[in-house]
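Please read it alongside the sequence and the structure.

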Amino acid sequence: MRKTRLAFATAGLALLFASVGTAASPQTVTISSSRPSVVFGKSVTLSGKVSTGKAGENVSVLAEPFGTTGFAALATVQTVSGGHWSEVVKPTIETSYQAKWKSATSSTVSVKVRPLITLTLVSQATGRFSTKVSAARSFAGKFVLVQRLTSTGVSTLKRVTLDANSAASFSVRLHHGRSRLRVVMPTSQTAPGYITGTSNVVSVSH
């Protein structure tokens, strides 16, 4: 009888320790992004790890673009050695991401997006330039700032309003010597869903 009770007690302790071990090691999955912001059209890498550290586990990547309500499945990836996973994404507007593995859901990471702005010299003789802003929506009627970069800092030359194609052409007076120009679109014009965008720098010798 004593042996039977001892066996039951031992089994009970084993179950208790097993449950404690399980409770101390819940299933978890993590997520992080390779950068906090990206230019429209460029990609960012999401990565994370599952708590088992096993390869071959299926992880669902969920996305919630700005302006939508709720996360939707974007991709399913498999973990590699160590339980690590990664996925390359290309957000077209500010987007929040989560990872889901079995019953576990990760924290949320957000990737902000800058519009893609190009600046092109049209005519050096007249100081004529063109600019275009690209994103997932139109910026018609919004404005950009034309700036000159010098060794002493940055000065804003003019404000230019974008047309129906989110583009514009303009002229500036070029200094003798070398001029370095760029176009900036402040967050007041890019929002909502986008942050400040900056074009390439064009250098002109005059």
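Buried means under 20% relative accessible area, exposed over 50%, and partly exposed in between. Y194, with a relative accessible area of 2%, is therefore buried. The model is predicted. It holds two salt bridges and two aromatic pairs.

**Salt bridges**

- Side chains of opposite charge can pair when their charged atoms come close.
- K102 forms a salt bridge with E57, and the closest N and O atoms of the two are 3.9 Å apart.
- E57 counts as buried because its relative accessibility is 14%.
- The other salt bridge joins E94 and K112, where the closest N and O atoms are 3.5 Å apart.
- E94 sits in the loop between β6 (84-89) and β7, while K112 is part of strand β9 (residues 109-114); the two are 18 residues apart, and the pair links distant parts of the chain.
- E94 has 21% relative accessibility, so E94 counts as partly exposed.
- K112 also counts as partly exposed, at 36% relative accessibility.

**Aromatic pairs**

- A pair of aromatic rings is described by the distance of the centres and the angle of the planes.
- The rings of F129 and F170 are stacked, because their planes are at 15° with the centres 5.9 Å apart, and planes under 30 degrees apart count as stacked.
- F129 belongs to strand β11 (residues 128-134) and F170 to strand β14 (residues 167-171), so that distant parts of the chain, 41 residues apart, are linked by the pair.
- Both F129 and F170 are buried.
- F139 and Y194 form an edge-to-face pair, with 5.8 Å from centre to centre and 75° between the planes.
- F139 is found in the loop between β11 and β12 (143-150), and Y194 in the loop between α2 (187-190) and β16 (197-198); this pair, too, links distant parts of the chain, 55 residues apart.
- F139 has 0% relative accessibility and therefore counts as buried.

**Charge over a ring**

- Which ring does the charged end of R159 sit over?
- The charged end of R159 sits over the ring of F143, at 4.4 Å from the ring centre.

Note on methods: Residues are numbered from 1 along each chain as its sequence is written. This is a predicted model: local features need pLDDT of at least 70, side-chain atom pairs count only at pLDDT 80 or more; totals for chains, interfaces and linings use all residues. Side-chain values use heavy atoms; hydrogens and water are left out. A salt bridge is a side-chain nitrogen of Lys or Arg within 4 Å of a carboxyl oxygen of Asp or Glu. Buried means under 20% relative accessible area, exposed over 50%, partly exposed in between (1.4 Å probe, protein chains only). Helices (H or I, at least four residues) and strands (E, at least two) are DSSP runs, numbered from the N terminus. Rings of Phe, Tyr and Trp (its six-membered ring) pair if their centres lie within 6.5 Å; planes under 30 degrees apart count as stacked, over 60 as edge-to-face and the rest as tilted. A charge sits over a ring if NZ of Lys or CZ of Arg is within 6 Å of the ring centre and within 35 degrees of the ring normal.
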